Amino acid sequence: MSAVDFQPACALGDLAEDTPHRVEIAGTPVAVVRTEGEVFAVNDICSHANVSLSEGEVDNCQIECWLHGSSFDLRTGKPSGPPATRPIPTYPVKIEGEGPAATVLVSLTQES
């Protein structure tokens, strides 16, 4: 996939602040999160256990795995501490359009 291969994920209006939104792009589960005025996309599967991160909570630009409590930085994918030791993939995001109808586009080209 090239760096310009952005695919529609959802509408900006679909994203509630600090609430992960699960989408699937080309068979890859992705958690899209709107927090602190930005939109982030990370792989939706926890690197510690095969669990959906979009079922967890978002706080301070971190997404928390609901099962064991590991948190991952939405900007870098790095875990904040055990039990997770491996980062999760993060993906580039861009917004096209204005307001709630704007399209959130995600590229599965990893940033980290």
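UniProt positions are given in the numbering used here, feature names are shortened, and annotations may be inferred rather than shown by experiment. This is a predicted model, in which local features need pLDDT of at least 70 and side-chain atom pairs count only at pLDDT 80 or more, while totals for chains, interfaces and linings use all residues. Residues are numbered from 1 along each chain as its sequence is written, and side-chain values use heavy atoms, with hydrogens and water left out.

**View 1. The annotated span, residues 7-102.** An unreviewed UniProt entry lists these residues as "domain: Rieske". The span is 0% helix and 40% strand, where helices (H or I, at least four residues) and strands (E, at least two) are DSSP runs numbered from the N terminus. Its end C-alpha atoms lie 13 Å apart.

**View 2. An open sheet of four strands.** The strand order is β2-β3-β4-β8, with antiparallel pairing; two strands pair if DSSP finds at least two bridges between them. Strands β2 and β8 (90-91) form the edges, each pairing on one side only. Two bridges join β4 to β8 in the antiparallel sense. Val 42 stands opposite Thr 90 in β8.

**View 3. The salt bridge between Arg 22 and Asp 44.** The structure holds two salt bridges, each defined as a side-chain nitrogen of Lys or Arg within 4 Å of a carboxyl oxygen of Asp or Glu. In this pair the N to O distance is 2.4 Å. Arg 22 lies in strand β2 (residues 21-25) and Asp 44 in the loop between β4 (38-43) and β5 (58-59), so the pair ties together parts that are 22 residues apart in sequence. Arg 22 is partly exposed, at 41% relative accessibility, whereas Asp 44 is buried, at 0% (buried means under 20% relative accessible area, exposed over 50%, partly exposed in between; 1.4 Å probe, protein chains only).

**View 4. The salt bridge between Arg 75 and Asp 73.** The closest N and O atoms are 3.1 Å apart. Arg 75 is partly exposed, with a relative accessible area of 44%, and Asp 73 is buried at 13%.

**View 5. The largest nonpolar core and Phe 72.** A nonpolar core is a set of buried Ala, Val, Leu, Ile, Met, Phe, Trp, Tyr and Cys residues joined through side-chain atoms within 4.5 Å. Of the 16 residues in this core, Leu 53, Ile 63, Phe 72 and Leu 74 touch the most other members. The elements giving two or more residues to the core are β3 (28-35) and β4. A second, separate core of 15 residues includes Cys 10, Leu 12, Val 30 and Val 32.
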